[in-house]
Amino acid sequence: MSDAPMLAIRDLHVAINGTEILRGVDLTMDRGTVHAIMGPNGSGKSTLAQVLAGHPAYQVTAGSVRYEGRDLLDLDPEERAREGVFLAFQYPVEVRGITNSYFLRSAVNAIRKHRGEPELDAMDFLQVLEDKLTAIGWDDSFLNRPVNEGFSGGEKKRNEILQLAVLEPKLAILDETDSGLDIDALKTVAGAVNKLRRPDRAFLVVTHYQRLLDYITPDFVHVLADGRMVRSGGPELAHELEAKGYDWLRDGAVVA
Amino acid sequence: MTSIEAQVLQPYKYGFETNIESEIVPPGLNEDVIRLISTKKGEPEWMLEGRLKAYRQWVRMTEPHWANVRYGPIDYQAISYYAAPKRGPELKSLSEVDPKLVETFEKLGIPIEEQKRLAGVAVDAVFDSVSVATTFRAELAKSGVIFCPISEAIREHPDLVREYLGSVVPANDNFFAALNSAVFTDGSFVYVPKGVRCPLELSTYFRINARATGQFERTLIIADAGSYVSYLEGCSAPTRDENQLHAAVVELVAHDDATIKYSTIQNWYPGDEAGRGGIYNFVTKRGKCAGRRSKISWTQVETGSAITWKYPGCILQGDDSIGEFYSVAVTSQRQQADTGTKMIHLGRNTRSTIVSKGISAGQGQNTYRGLVKILKGADGARNYSQCDSMLIGDRCGAHTFPYIDVRNSTATMEHEASTSKIGEDQIFYLRQRGLSAEDAVSLIVNGFCKEVFRELPMEFAVEAQRLLGISLEGSVG
């Protein structure tokens with residue numbers, strides 16, 4: 001493993017349908033750290049999450065992203081996933097007729113194959129799944145339900161975290177995982193994420209509200225506004241934002 | 001073309017041609033041609049009479065054009081109605097089958113040498129107008145099951161054929177059925193005696209090879225009281241620029257407590273991207289649940305043909321009889337399909353289930369057309385229909401025409417329909433979990449078709465999966 005940071009974003013510019021959303025984003029993340037990206041609606045937070053995962057609708061117009069020293073933007077979405085980049089979606093999609101456990105096994109085997117490891121059969125995989133569920137303290141109630149079909153908002157978000165647990169990424173991006181969750185669901189999800197923190201795993205937590213960060217304590221907080229990072233700091237920055245809102249930063253950015 | 005569409009539009013893999021010396025009757029249709037076919041088949045006089053009667057009805061009928069498909073006029077005089085590989089005297093055993101034919105079927109994944117048996121499956125292989133081999137006949141005969149080419153059944157089992165042929169699909173049923181009744185050449189005949197559970201899966205594989213010919217096959221399956229049979233047909237044809245006509249008739253009869261499970265994997269040549277060539281698949285399939293508590297179940301996976309026009313149906317005559325129709329129809333490139341089912345409820349407490357999955361890609365047009373008819377005497381009849389359409393890309397179309405005709409107030413009808421589209425977001429989600437775009441499409445299509453695939457016999461579920469390029473969810477095994 002190289003000494004390069006886990007993730008190094010330099011002057012990233014991104015557009016969708018000709019409209020520029022990100023206008024020069026810089027961010028460096030080391031292994032084992034938790035970074036929170038906060039910002040008002042429309043600031044480009046989710047765009048950043050989608051671009052890192054390789055969503056084809058976005059065009060990178062300038063800048064670079066290096067992941068463990070490699071050019072991340074050069075990889076297809078599935079290659080990024082197999083190399084350990086995971087995005088917990090804000091709006092997970094439904095896949096009719098395919099059970100969660102089958103879907104997860106397909107994903108795990110795609111990743112294992114990429115690493116040159118033998119694929120897991122249904123029995124072996126079941127064991128892996130149960131171990132993961134135990135580790136995060138959940139039961140197996142939705143393993144045999146179709147992927148996200150008929151799931152409540154909270155169940156969909158939990159399902160994303162379960163996938164995170166099973167796929168064992170190096171870089172986990174959580175895109176507004178707290179949105180639409182009541183306080184109990186939020187605690188459950190945050191509790192699971194905390195159990196998944198590791199020295200070799202970095203988290204990028206995208207959120208509009210500070211309340212998620214009451215449960216997942218970040219090492220760094222960054223504020224994104226109008227497609228630029230306008231402020232970075234420690235966990236205390238989140239509390240400041242909670243108290244003052246985002247406007248003072250935006251004004252500050254203009255003045256600066 | 002989007003990346004998703006590209007995944008679905010796989011090249012046709014069965015387009016090769018077998019170079020074999022064939023005897024082909026010159027194009028054209030008249031009473032002399034029919035006499036010639038009948039003579040070649042060594043048929044009794046009653047059969048020839050039946051053919052001529054059908055022909056005389058056909059000349060007065062007009063080709064139907066109510067289906068939601070478009071094609072140019074068909075010149076029935078430009079088609080050859082009989083093509084057969086040349087061969088010596090009658091074959092005494094399978095080992096005498098022309099090696100070129102054996103090789104052809106092998107290439108198609110259909111072993112006709114018994115030692116290479118497909119687990120538990122007996123095969124009748126039909127090449128152009130003739131059956132070239134039928135496997136495991138001796139084994140089947142031990143339990144009294146007759147499985148042979150229909151041309152042979154006409155000679156060897158005339159009483160059964162006379163009693164049942166045309167009893168479900170009469171010659172004047174429709175234009176294509178009349179044409180088939182006049183000129184049909186081969187196909188399979190199955191009779192399962194009382195109380196016998198057929199020990200093997202029965203299967204017929206239809207291969208069109210010769211140019212400028214039509215294939216007119218005829219299948220007749222009779223399940224006597226308390227018997228069970230599962231039958232599967234598969235088909236393919238070489239890649240050609242011109243269209244070829246395939247007009248088949250299939251008749252099923254189930255007596256008291258008998259069950260017939262009829263599965264189709266249809267993969268006729270679909271034509272090319274520009275819509276050149278391909279098979280016109282104009283088929284009449286119907287089953288009669290004649291007896292009480294009888295059951296007929298149709299399962300079809302339709303991926304081929306330039307144009308498909310077929311409505312496998314059930315006449316639910318016996319009280320408490322059951323009809324089922326499970327269908328996956330795929331149209332891509334410029335394929336057009338107008339397919340569905342007819343469930344005619346006559347008996348009391350008859351039940352029918354319809355599950356139709358249409359997948360359209362490229363510039364394909366997919367139409368579901370179904371009729372559920374509950375007649376006066378059908379007290380307590382029930383129907384459940386589900387029609388789902390999936391669109392891939394934005395140049396294709398899906399259409400649904402459910403006809404419901406209820407004449408008994410005690411009937412229960414349920415109908416559900418949905419239309420969905422595979423979107424870039426869905427594909428992206430699956431790719432983000434490490435699946436290739438191709439596997440992502442497969443997974444989505446597989447999930448969409450699951451209710452139909454699970455109805456296929458296990459050996460053929462794998463075939464269907466291969467056809468659609470789909471990895472079957474752990475359900476196999």
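## Close-up views of a predicted model

**View 1. Helices and strands of chain B.** Chain B contains 11 helices and 23 strands. The structure shown here is a predicted model. Of the 477 residues in chain B, 57% are buried. Contacts in chain B can also be sorted by how far apart the partners lie in sequence: among those between residues at least 6 apart, 82% join residues at least 24 apart.

**View 2. The largest nonpolar core.** This core has 207 residues. The residues with the most contacts inside it are A:Phe86, A:Leu171 and A:Ile173 from chain A, together with B:Val190 from chain B. Helix α10 of chain B, residues 437–453, supplies the largest share of this core, with 10 residues.

**View 3. The surroundings of B:Val190.** B:Val190 is one of the residues with the most contacts inside the largest nonpolar core. Neighbours within four places in sequence are left aside in this view. The remaining contacts of B:Val190 are B:Ile146, B:Phe147, B:Leu202, B:Ile221, B:Ile222, B:Val229 and B:Tyr231.

**View 4. A:Ser101 in helix α3.** A:Ser101 belongs to helix α3 of chain A, which covers residues 100–114. A:Ser101 counts as buried because its C-beta atom has 20 C-beta neighbours inside 10 Å, and the cut-off for a buried residue is 20 or more. Not counting residues up to four places away in sequence, A:Ser101 touches A:Leu129, A:Leu143 and A:Asn144.

**View 5. A:Ser101 and A:Ala238.** In sequence, A:Ser101 and A:Ala238 are 137 residues apart. In space, the distance from C-alpha to C-alpha for A:Ser101 and A:Ala238 is 37 Å.

Key. Residues are numbered from 1 along each chain as its sequence is written. Chains are lettered from A and ligands numbered from 1 in the order in which they are written. This is a predicted model: local features need pLDDT of at least 70, side-chain atom pairs count only at pLDDT 80 or more; totals for chains, interfaces and linings use all residues. Helices (H or I, at least four residues) and strands (E, at least two) are DSSP runs, numbered from the N terminus. A residue is buried if 20 or more other C-beta atoms lie within 10 Å of its own, exposed if 12 or fewer, and partly exposed in between; C-beta atoms are placed from the backbone. Two residues are in contact if their C-beta atoms, placed from the backbone, lie within 7 Å. A nonpolar core is a set of buried Ala, Val, Leu, Ile, Met, Phe, Trp, Tyr and Cys residues joined through C-beta atoms within 7 Å.
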